[in-house]
Amino acid sequence: QVQLVESGGGLVQAGGSKKLSCVASGLTFINYYMGWFRQAPGKEREFVANISWTLGTTYYADSVKGRFTISVDNAKNTVYLQMDSLKPEDTAVYYCAARSVLQMKYNYWGQGTQVTVSS
């Protein structure tokens, strides 16, 4: 059974930092890409970043490039999202997700963690 559990959300002031964590279980990690998505109130869910579990290659949305960093700790089966220089428009529920390297669609999702950036 695949399980993704996020943590680390909360309230932060604009310009501040936050680090999200996602512990993954039930996956064969070598075969998956891990991603972070977010959904703001009244908006569709959008891609934030992803990483190859084994290669460490990363890809970011333009809106977060240079401010957010995705990383993995293989020993802890955990993927992180370090968010710096946060802006009020980064306020959203952040979701961890996983997809097979053989597929384009993310088919495993966490429950989400709320990040609120105050101005």
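The model is predicted, so local features need pLDDT of at least 70, side-chain atom pairs count only at pLDDT 80 or more, and totals for chains, interfaces and linings use all residues. Residues are numbered from 1 along each chain as its sequence is written, and side-chain values use heavy atoms, with hydrogens and water left out.

**Salt bridges**

- A salt bridge is a side-chain nitrogen of Lys or Arg within 4 Å of a carboxyl oxygen of Asp or Glu, and the count by this rule is 4.
- One of them joins arginine 38 to glutamate 46, with the closest N and O atoms 2.6 Å apart.
- Arginine 38 is buried at 6% relative accessible area (buried means under 20%, exposed over 50%, partly exposed in between, with a 1.4 Å probe and protein chains only).
- Lysine 65 and aspartate 62 form another salt bridge, at 3.1 Å from N to O.
- In this pair, lysine 65 is partly exposed at 48%, and aspartate 62 is exposed at 66%.

**The bridge between aspartate 90 and arginine 67**

- Aspartate 90 and arginine 67 form a salt bridge whose closest N and O atoms lie 2.7 Å apart.
- This pair links distant parts of the chain, 23 residues apart: aspartate 90 is in the loop between strand E8 (78-83) and strand E9 (92-100), and arginine 67 is in the loop between strand E6 (58-60) and strand E7 (68-73).
- Strands (E, at least two residues) and helices (H or I, at least four) are DSSP runs, numbered from the N terminus.
- Salt bridges with shared partners join Arg38, Glu46, Arg67 and Asp90 into one network.
- Both aspartate 90 and arginine 67 are buried, and the relative accessible area of arginine 67 is 11%.
- Leaving out residues up to four places away in sequence, arginine 67 contacts Gln82, Met83, Asp84, Ser85, Leu86, Lys87 and Asp90 (contact means heavy atoms within 4.5 Å).

**Positive phi angles**

- Most residues other than glycine have a negative phi.
- Asparagine 77 is not a glycine, yet has a positive phi of about 50°.
- Asparagine 77 sits in the loop between E7 and E8 and is partly exposed, at 26% relative accessible area.
- Serine 85 also has a positive phi of about 50° without being a glycine.
- Serine 85 lies in the loop between E8 and E9 and is partly exposed, at 41% relative accessibility.
- Serine 85 is also among the residues that arginine 67 touches.
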